[in-house]
Amino acid sequence: GQAQIGVTGLAVMGRNLARNLARNGFVVAVHNRSPERTRRLIAEHGAEGRFVPTDSLADFVAALERPRAVITMVKAGAPTDAVIDELVPLLDAGDIIVDCGNAHFADTRRREEALRKQGLHFVGTGVSGGEEGALWGPSIMPGGSDESYQKLGPIFEQIAAQVDGEPCCRHIGPDGAGHFVKMVHNGIEYADMQLIAEAYDLLRAGLEATPAELAEIFREWNSGELESFLIEITAEVLGHTDASTGQAFVDIVLDQAEQKGTGRWTVQNALDLGIPITGIAEATFARSLSGHAGQRAATRRAFAGTEPTWRVEDRGAFVEDVRRALLASKIVAYAQGFDHIRAGSQEYDWDIDLGGTATIWRGGCIIRANFLDRIRQAYDDQPDLPTLLVAPWFADAVRAGLSGWRRVVAEAAHAGVPTPAFASSLSYFDALRANRLPAALIQGLRDNFGAHTYRRVDRDGSFHTLWAGDRSEVEA
Ligand code: NDP
């Protein structure tokens with residue numbers, strides 16, 4: 001075989017990844033279960049580089065140089081297992097299967113372990129950036145063995161997005177580390193989008209402005225600290241007019257947000273690890289809530305006429321408050337996401353470099369932003385940073401934005417505008433900075449009804465009060 005790498009699964013993602021590889025000079029074997037997709041790729045894009053089209057998996061494997069590197073880009077779940085089962089008997093020890101689909105990291109760990117026992121490398125790889133990213137340069141998050149990265153690294157680093165001369169790809173860690181980091185990336189993306197949506201909603205209600213006017217505000221924000229792909233496309237979407245009605249596009253879209261499930265995975269895993277990723281959780285629940293149309297209609301009817309009115313006095317100051325609240329809440333979301341990655345890294349023994357992870361999200365992916373340079377800086381300066389919130393640049397931004405953040409959340413509550421992510425991020429911050437938390441009372445209640453014991457501020461040990469007796473304290 002002479003192909004340096006192969007791609008099986010040529011729907012939008014696989015096909016674009018194969019084209020990206022070919023454009024960058026690699027000889028790419030291509031295969032798809034139904035051969036029409038392979039034929040179409042060659043017919044439409046065969047001239048872009050050196051493809052080796054194949055109709056059977058046996059021919060596909062035979063076309064590859066050794067050790068073989070096979071990328072699977074098929075539907076996550078059972079189809080991925082089916083393709084792996086077909087591939088394994090055709091491969092030899094030392095060959096590499098790279099799953100670039102959106103697998104759950106636990107599946108990746110299971111597959112990696114099974115294939116390792118057969119002498120094969122299995123590299124669960126997170127790929128972000130959608131179709132365009134796959135074609136022009138995604139953010140690539142490979143897991144798997146160091147040995148497999150020696151072969152894959154030079155290829156992936158070349159086809160990845162490049163920022164300041166650095167590729168948006170690096171070896172994240174063993175087995176499921178890459179898919180885990182991709183999962184948290186998607187969770188952060190949920191939070192980021194929810195925060196932007198809340199900022200839009202607040203501005204719209206407070207200013208009684210048109211979407212086109214709001215597009216202008218986001219365009220302006222995109223030249224400052226908030227500069228990011230998501231803010232840029234927010235301006236684009238808000239400025240778009242629906243061709244069939246002439247109305248603002250955002251007003252003709254049904255207000256029920258959908259999800260493919262990675263936000264849910266992130267929250268489920270954070271619950272298991274005990275990491276309070278409240279921003280991502282609120283964002284995920286906000287999407288669910290939006291879909292409960294029946295409950296929304298019933299509640300709207302039952303409470304009709306109770307909507308408060310809202311008049312913003314100083315429009316310029318209000319816009320600036322919302323901007324600062326957005327930045328502060330976004331810092332909270334990223335702080336929580338990086339806490340989650342650190343906890344996963346500890347739990348599953350991955351030794352993930354947090355600063356390095358921030359680096360590869362600077363380009364190619366949906367949450368790409370200059371902001372990520374500052375996160376890299378923060379974790380490079382202090383790898384054991386307790387929380388991103390206390391790193392100098394972030395602490396300054398939160399301090400500068402704090403009174404605006406409080407005003408925005410308070411005014412939103414007065415005005416009846418829902419801000420689940422803004423409000424919970426502020427609460428998260430206030431809880432972290434509090435001298436005392438009412439968790440002490442929770443412990444008292446648990447001890448009262450269930451003898452669950454408590455610790456004291458002034459002495460070591462566990463204690464229980466004899467609530468039903470003479471209320472004396474015993475050491476537990
Ligand atoms: P789809 O998820 O729609 O998957 C379609 C592909 O899977 C086709 O090539 C199909 O082959 C193949 N397939 C399905 N079942 C089997 C099976 N049992 N055996 C062999 N092949 C099978 O394609 P996408 O390109 O959208 O996504 C590919 C992967 O990338 C997914 O895991 C997705 O989650 C992930 N991803 C997608 C992104 C996106 O923006 N779309 C972004 C990042 C990751 P056939 O043509 O024969 O039906």
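Helices (H or I, at least four residues) and strands (E, at least two) are DSSP runs, numbered from the N terminus. The model is predicted: local features need pLDDT of at least 70, side-chain atom pairs count only at pLDDT 80 or more, and totals for chains, interfaces and linings use all residues. Residues are numbered from 1 along each chain as its sequence is written, and side-chain values use heavy atoms, with hydrogens and water left out.

A residue is near a molecule or strand if one of its heavy atoms lies within 4 Å of it. Around the ligand there are 19 residues, of which M13, N32, R33, S34 and R37 come nearest. Two helices, α1 (12-23) and α4 (78-87), each supply at least two residues of this shell. By residue type the shell divides into ten nonpolar, six polar and three charged. In this division Ala, Val, Leu, Ile, Met, Phe, Trp, Tyr, Cys and Pro count as nonpolar, Asp, Glu, Lys and Arg as charged, and the others, Gly among them, as polar.

Several polar atoms of the protein face oxygen atoms of the ligand. A polar contact is a pair of N or O atoms within 3.5 Å; within protein, one must be able to donate a hydrogen and the other to accept it, and residues adjacent in sequence count only if both atoms are side-chain atoms. K75 places a polar side-chain atom 3.2 Å from a ligand oxygen. From A76, a backbone N or O atom lies 3.4 Å from an oxygen atom of the ligand, and for L10 the corresponding backbone distance is 3.5 Å. On its own the ligand has 900 Å² of accessible area, and the protein covers 79% of it. Accessible areas come from the Shrake-Rupley method with a 1.4 Å probe; for residues, only the protein chains shown count as cover.

Buried means under 20% relative accessible area, exposed over 50%, and partly exposed in between (1.4 Å probe, protein chains only). G94 is partly exposed because its relative accessible area is 25%. Contact means heavy atoms within 4.5 Å. Not counting residues up to four places away in sequence, G94 touches P67, G119, L120 and H121. The C-alpha atoms of G94 and R66 are 8.5 Å apart, although 28 residues separate the two along the chain.

The next stop is helix α8 (residues 177-207), which holds D192. K182 and E189 are also in α8. An unreviewed UniProt entry lists K182 and E189 under "active site"; such annotations may be inferred rather than shown by experiment, and UniProt positions are given in the numbering used here, with feature names shortened. K182 counts as buried because its relative accessibility is 5%. Its side chain makes a polar contact of 2.8 Å with the side chain of N102. Leaving aside neighbours within four places in sequence, K182 is in contact with N102, G126, V127, S128 and M141.

E189, at 15% relative accessibility, is therefore buried. With the same exclusion of residues up to four places away, E189 touches I366 and I367. D192 is buried because its relative accessibility is 5%, and its contacts beyond four places in sequence are L230, K330, Y334 and I367.

The unreviewed UniProt entry lists residues 178-468 as "domain: 6-phosphogluconate dehydrogenase C-terminal". Over that range the chain is 66% helix and 1% strand, with 53 Å between the end C-alpha atoms.
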